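Hello,

Here is the structure I promised to pass on to you. Have a look at it first, and then read on for what turned up in it.

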Amino acid sequence: MSSLKFKIEATDSRARAGVLTVNNKKVLTPTFMPVATKGALKSTPHELLDKTSVLLANTYHLYLRPGANTVNELGGLHKFMNWNGVILTDSGGFQGWSLPTKKVENGIQFKNVYDGSTFLMTPKLSIETQNILGSDIAMIFDYVVDIDAPENLQNEAISTTSEWAKIARETHNNNEQSLFGIIQGGLVKKLREKSALSMIELNFDGYALGGLALGESRKDRKDIVNFTSDFLPIDKPRYVMGLGDTLGLVDLIAEGIDMFDCVWPARLARHGKLITGNTYINIKNKKYSSDTAPIMESCPCFTCKSYSKGFLKHLLKNEQTSAWLYLTIHNLIQTEIMLDGARQSILESDFENFKKRYI
Ligand SMILES: [Zn+2]
């Protein structure tokens with residue numbers, strides 16, 4: 001039996017503030033999970049993210065390197081990464097969409113990015129790998145298609161994902177690990193409904209909406225999340241995969257989503273675009289060359305406490321790798337602060353006002 005517990009502390013309209021507990025670790029929701037694909041954040045030690053509760057690692061990448069058994073020999077994923085917080089592993093299903101692959105009957109044929117050989121990732125192998133890695137939360141292996149794929153393909157995505165979800169359920173064999181289902185169906189309501197109901201039948205510890213943040217409009221995304229979440233049990237966490245821009249997060253917190261992940265704030269930072277509350281600045285802008293102020297006076301992050309915009313611009317311009325580190329910390333801390341603020345406003349029945357500050 002999984003140890004995951006989820007308690008809603010307050011709701012404000014559809015928005016929810018909750019507490020997720022797994023393996024005696026507590027996560028306040030809504031929560032944002034920075035992406036540590038290969039066991040580490042790109043360019044940033046996670047030790048500097050004191051507001052983060054959950055990190056996301058990726059099964060596909062860890063399966064290839066260093067391999068689940070090696071991670072296990074090194075003490076399991078938490079010890080391997082030196083992270084005592086919660087770890088969620090994504091199943092590799094998304095890489096089935098984002099990398100050159102071929103879907104076959106019992107799984108997805110991948111090309112090994114390191115040596116060019118092909119290998120088959122099956123729903124069974126994905127779960128077995130996650131069981132060995134020892135994350136706190138595992139995801140089923142899902143089949144992702146383009147957001148605007150024709151309905152027959154969307155239909156194939158939900159029926160395949162549903163079949164693979166059953167295999168995940170049967171295979172999963174780690175009492176210290178929870179398992180989430182994933183709902184597919186693009187923007188087609190009847191397919192999202194069918195997919196949600198098939199996942200609920202398997203009684204997962206939480207439910208994710210996959211196949212989003214793939215180019216759809218904000219309105220379409222919000223509508224389909226609104227529609228789909230009505231089918232989900234109130235007392236289980238809800239997770240929208242792959243979304244991390246500020247507006248998108250606020251939109252979907254408003255729809256009752258509890259968990260998010262995305263490479264976006266970190267990737268944005270590496271390009272010099274920095275979150276400043278409800279807007280952004282581009283640190284590469286000439287006007288910051290002689291700016292002695294931090295990115296944000298009010299930001300408690302290490303970067304803002306230590307460095308001026310002028311210095312950070314200089315580092316980025318001269319391709320100093322430390323620039324990536326400093327700028328990423330800022331964007332991730334700002335994202336966590338935004339979610340903290342959303343949570344607080346839900347607890348105080350003031351989410352509408354909070355939302356107005358961002359949208
Ligand atoms: Zn900062």
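Before we start, one term: two strands count as paired if DSSP finds at least two bridges between them. Please also keep in mind that this is a predicted model.

With that in hand, look at strand 5 and strand 6. Strand 6 covers residues 86-90, and the two strands pair in the parallel sense over five bridges. Within this part of the model, Asn-58 stands opposite Asp-90 in strand 6.

Eight strands form an open sheet in the order 4-14-13-12-11-10-6-5, with parallel pairing. Which strands are at the edges? They are strand 4 (31-34) and strand 5 (54-58), each of which pairs on one side only. On average, neighbouring strands of the sheet are turned by 25° against each other, direction ignored.

Next come the helices. Helix 7 (residues 189-201) packs on the sheet, where it touches strand 11 (178-183) and strand 12 (206-209). The direction of helix 7 makes about 160° with that of strand 11.

Helix 7 also packs with helix 8 (residues 218-229), at an angle of about 40° and with their axes 9 Å apart. The two helices are therefore oblique to each other, and helix 7 passes helix 8 in a right-handed crossing. Which residues meet there? Lys-189, Arg-192 and Ala-196 come from helix 7, and they meet Ile-224, Phe-227 and Thr-228 in helix 8. Sorted by class, this contact has three nonpolar, one polar and two charged residues.

Enjoy exploring it!

Best wishes

Conventions
Residues are numbered from 1 along each chain as its sequence is written. This is a predicted model: local features need pLDDT of at least 70, side-chain atom pairs count only at pLDDT 80 or more; totals for chains, interfaces and linings use all residues. Helices (H or I, at least four residues) and strands (E, at least two) are DSSP runs, numbered from the N terminus. Axes are lines fitted to C-alpha atoms, for helices over the stretch in contact, and angles run from 0 to 180 degrees between N-to-C directions. Two residues are in contact if their C-beta atoms, placed from the backbone, lie within 7 Å. Angles under 35 degrees count as roughly parallel, over 145 as roughly antiparallel, 65 to 115 as roughly perpendicular and the rest as oblique. A crossing is left-handed if the near helix is turned anticlockwise from the far one by less than a right angle, and right-handed if clockwise. Ala, Val, Leu, Ile, Met, Phe, Trp, Tyr, Cys and Pro count as nonpolar, Asp, Glu, Lys and Arg as charged, and the others, Gly among them, as polar.
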